[in-house]
Amino acid sequence: MSISPIKTSSTRQSSLVQFIKQTPSKPRPSTLKRDIISSMSSDEQPSHSRTSKDLKHEEEEQADERPQKKPRHSSPYPPPDHPSYHLPPSPTYNHPFPISPVPQSLKDNLKFNTLPIAINSPHQLDLLYFKRFIDPCVTRELTRYLLEELPWYRVKYTVRGVNINTPRYTTVFGKDSTDKPWNGYKVKPRAIPEILLLLMREVEHVTNSTFNFALVNYYSSGTDSISYHSDSESFLGPEPTIASLSLGAPRDFHLRHVKYKELGIGVEKMVLHDGDMVVMRGKTQEMWQHAIPKRAKAEGRINITFRKGVVPYATVNYNTYNVGSGGIYRWDGREMKEMRSG
Ligand SMILES: O=C(O)CCC(=O)C(=O)O
Ligand SMILES: [Fe+2]
């Protein structure tokens with residue numbers, strides 16, 4: 001890693017990140033602890049590189065700071081005055097087929113680890129990492145529900161005469177924060193389904209942000225991937241906060257600086273596990289690109305990103321590249337089946 005050293009009492013001091021504990025309700029960082037992630041190999045967990053002293057400290061802290069039981073929210077979400085998410089004409093607006101109600105067992109078991117670790121570098125990488133943000137007791141049921149209930153797409157498109165087959169399943173819900181009405185688009189946006197709103201509420205709470213889109217990827221095997229890119233699209237506004245949730249099999253998450261060659265900055269590598277959440281903030285999109293590279297072998301993984309689109313083109317673009325005009329796929333319990341060809 002090319003993060004400049006922070007002197008600590010620890011013996012290792014090459015590449016460092018700051019580990020910042022935050023109070024659950026106030027995501028403003030206050031440095032309680034520093035730790036080392038030194039040249040993480042792609043299969044290492046950040047905790048593997050900690051000293052035993054730090055680990056002990058961590059265990060003690062965790063004893064006091066167990067993932068919190070989800071507070072009982074009695075009021076519907078989003079509230080009518082949600083600053084970014086305009087209520088659609090109906091909660092199921094423009095769903096191509098009905099999405100079953102969220103099972104009560106799934107709702108009851110949704111619990112969250114609201115304590116992040118901050119990962120910063122002098123090169124303006126600005127991440128929050130919530131290890132097992134979603135409690136492992138529910139991730140299996142949640143993954144299955146999303147696979148079975150969401151409409152999935154394999155989008156094809158052409159850029160400068162080149163035909164592209166998106167190498168993963170995608171789908172998207174939501175509308176930008178402008179006053180353009182839900183029915184004002186040539187391709188109408190889709191209401192965010194209840195399960196994604198439940199997750200969005202918690203993610204908004206811990207990131208102190210608001211969102212209006214949920215983009216969902218499904219990487220069915222190691223050959224599904226997303227290549228290096230930034231989500232710094234003009235339609236997200238400056239310094240966007242993007243929260244990215246992982247469910248299912250672990251996958252590598254690589255970040256490289258936009259001038260990594262000129263500046264000799266190495267690739268940052270993490271492994272994202274079932275239930276983890278990475279929040280990209282500040283200048284991360286402007287100065288860094290991220291990717292999920294192909295892997296020789298990998299089981300299925302779902303990724304959900306929450307974002308805030310601030311212009312109508314966000315809605316148009318996300319629908320074009322995550323729904324498109326091709327066939328629709330559903331998970332039948334074993335595999336994806338195309339139920340309507342494009
Ligand atoms: O799957 C991931 O973790 C990343 C997805 C991503 O970067 C994107 O959808 O823009
Ligand atoms: Fe991305």
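Me: Helices (H or I, at least four residues) and strands (E, at least two) are taken as DSSP runs, numbered from the N terminus. How much helix and strand does the chain have over residues 210-310?

Reply: This is a predicted model, in which local features need pLDDT of at least 70 and side-chain atom pairs count only at pLDDT 80 or more, while totals for chains, interfaces and linings use all residues. Residues are numbered from 1 along each chain as its sequence is written, with chains lettered from A and ligands numbered from 1 in the order in which they are written. Over residues 210-310 the end C-alpha atoms are 11 Å apart, and the chain is 8% helix and 46% strand.

Me: Which name does UniProt list for residues 210-310?

Reply: The UniProt entry is unreviewed. Its positions are given in the numbering used here, feature names are shortened, and annotations may be inferred rather than shown by experiment. For residues 210-310 the entry lists "domain: Fe2OG dioxygenase".

Me: Which elements give two or more residues to the shell around ligand 1?

Reply: A residue is near a molecule if its C-beta atom, placed from the backbone, lies within 6 Å of it. The residues around ligand 1 are Leu215, Asn217, Ile226, Asp231, Ser244, Phe253, Leu272, His290, Ile292, Asn303 and Thr305. Two or more residues of this shell come from each of β9 (213-219), β15 (288-292) and β16 (301-307).

Me: How do the residues of the shell around ligand 1 divide?

Reply: Ala, Val, Leu, Ile, Met, Phe, Trp, Tyr, Cys and Pro count as nonpolar, Asp, Glu, Lys and Arg as charged, and the others, Gly among them, as polar. The shell around ligand 1 divides into five nonpolar, five polar and one charged.

Me: Is Asn208 buried or exposed?

Reply: Asn208 lies in the loop between α4 (194-207) and β9, and has a positive phi of about 60° although it is not a glycine. A residue is buried if 20 or more other C-beta atoms, placed from the backbone, lie within 10 Å of its own, exposed if 12 or fewer, and partly exposed in between. Because Asn208 has 12 other C-beta atoms within 10 Å, it is exposed.
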